Amino acid sequence: MGGFKKFLLRGNIVELAVAVIVGATFSGLVQALVRDLITPLIGAVTGGREPDFAQYSFTVNGSEFRYGDFLNHLLSFLIIAAVVYWFVVMPMTRLVTLFDRDKEATTRQCPECLSDVPAEARRCAHCTVELVPRSEQPLT
């Protein structure tokens, strides 16, 4: 029983549980945004009709292929992916870039082998070329 308790309280499991809960809540938020704002906007642009392809189908040897339902799901996926990209990914990328811009680099590239070495290193660990530490380099 102690091993099971240790497994449940391990950081990765708790972080995963929080991520799943936040992800489910975020999914509801994005779906509401698409359903309540984006889809009516598409309907307004296309003449007051929201796109619905559910009735499109064809039959082969008595089997019905409802490709319209597939098109509805495909369009829904593409719209949701675009909303997530434009309203979540792009702003977060911009925010991270703003925070990282002022951070001083802790590594630099070796001029000989192009591997990353600590900024204050005096010798490359990969090719053993001598380096001038950043603190001793003249300002240009």
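I started at Trp 86, which is exposed, with a relative accessible area of 55%. My terms here: buried is under 20% relative accessible area, exposed is over 50%, and partly exposed lies in between, with a 1.4 Å probe and protein chains only.

The model is predicted, so I note that local features need pLDDT of at least 70 and side-chain atom pairs count only at pLDDT 80 or more, while totals for chains, interfaces and linings use all residues. Residues are numbered from 1 along each chain as its sequence is written, and side-chain values use heavy atoms, with hydrogens and water left out.

**Entry: aromatic pairs**

I looked up the ring pairs next. Rings of Phe, Tyr and Trp (its six-membered ring) pair if their centres lie within 6.5 Å; planes under 30 degrees apart are stacked, over 60 edge-to-face, and the rest tilted. By this rule I count five aromatic pairs. Tyr 85 and Trp 86 form an edge-to-face pair, with 5.3 Å centre to centre and 85° between the planes. Tyr 85 is partly exposed at 38% relative accessibility.

Which residues do ring pairs link into a cluster? I found Phe 53, Tyr 56, Phe 58, Phe 65 and Tyr 67.

**Entry: nonpolar patch**

Patches take residues with over 30% relative accessible area and no salt bridge; like charges are joined within 9 Å and nonpolar side chains (Val, Leu, Ile, Met, Phe, Trp, Tyr) within 5 Å. Accessible areas come from the Shrake-Rupley method with a 1.4 Å probe, and for residues only the protein chains shown count as cover. One nonpolar patch covers about 1,000 Å², and its members include Phe 58, Phe 65 and Tyr 67. I noted Phe 58 as partly exposed at 41%, Phe 65 as partly exposed at 40%, and Tyr 67 as partly exposed at 38%.

Helices (H or I, at least four residues) and strands (E, at least two) are DSSP runs, numbered from the N terminus. Helix H3 (67-101) and strand S1 (58-60) each supply at least two residues of the patch. H3 gives the most, with seven residues. Phe 65 is in strand S2 (residues 63-65).

**Entry: Arg 108**

I found Arg 108 in strand S3 (residues 107-109). Arg 108 is buried yet has no salt bridge, a term for a side-chain nitrogen of Lys or Arg within 4 Å of a carboxyl oxygen of Asp or Glu. Its nearest side chain of opposite charge is Glu 120, 7.1 Å away; Lys and Arg count as positive, Asp and Glu as negative, and His and the chain ends are not counted. A polar atom of the Arg 108 side chain lies 3.0 Å from the backbone oxygen of Ala 121.

Conventions
A polar contact is a pair of N or O atoms within 3.5 Å; within protein, one must be able to donate a hydrogen and the other to accept it, and residues adjacent in sequence count only if both atoms are side-chain atoms.
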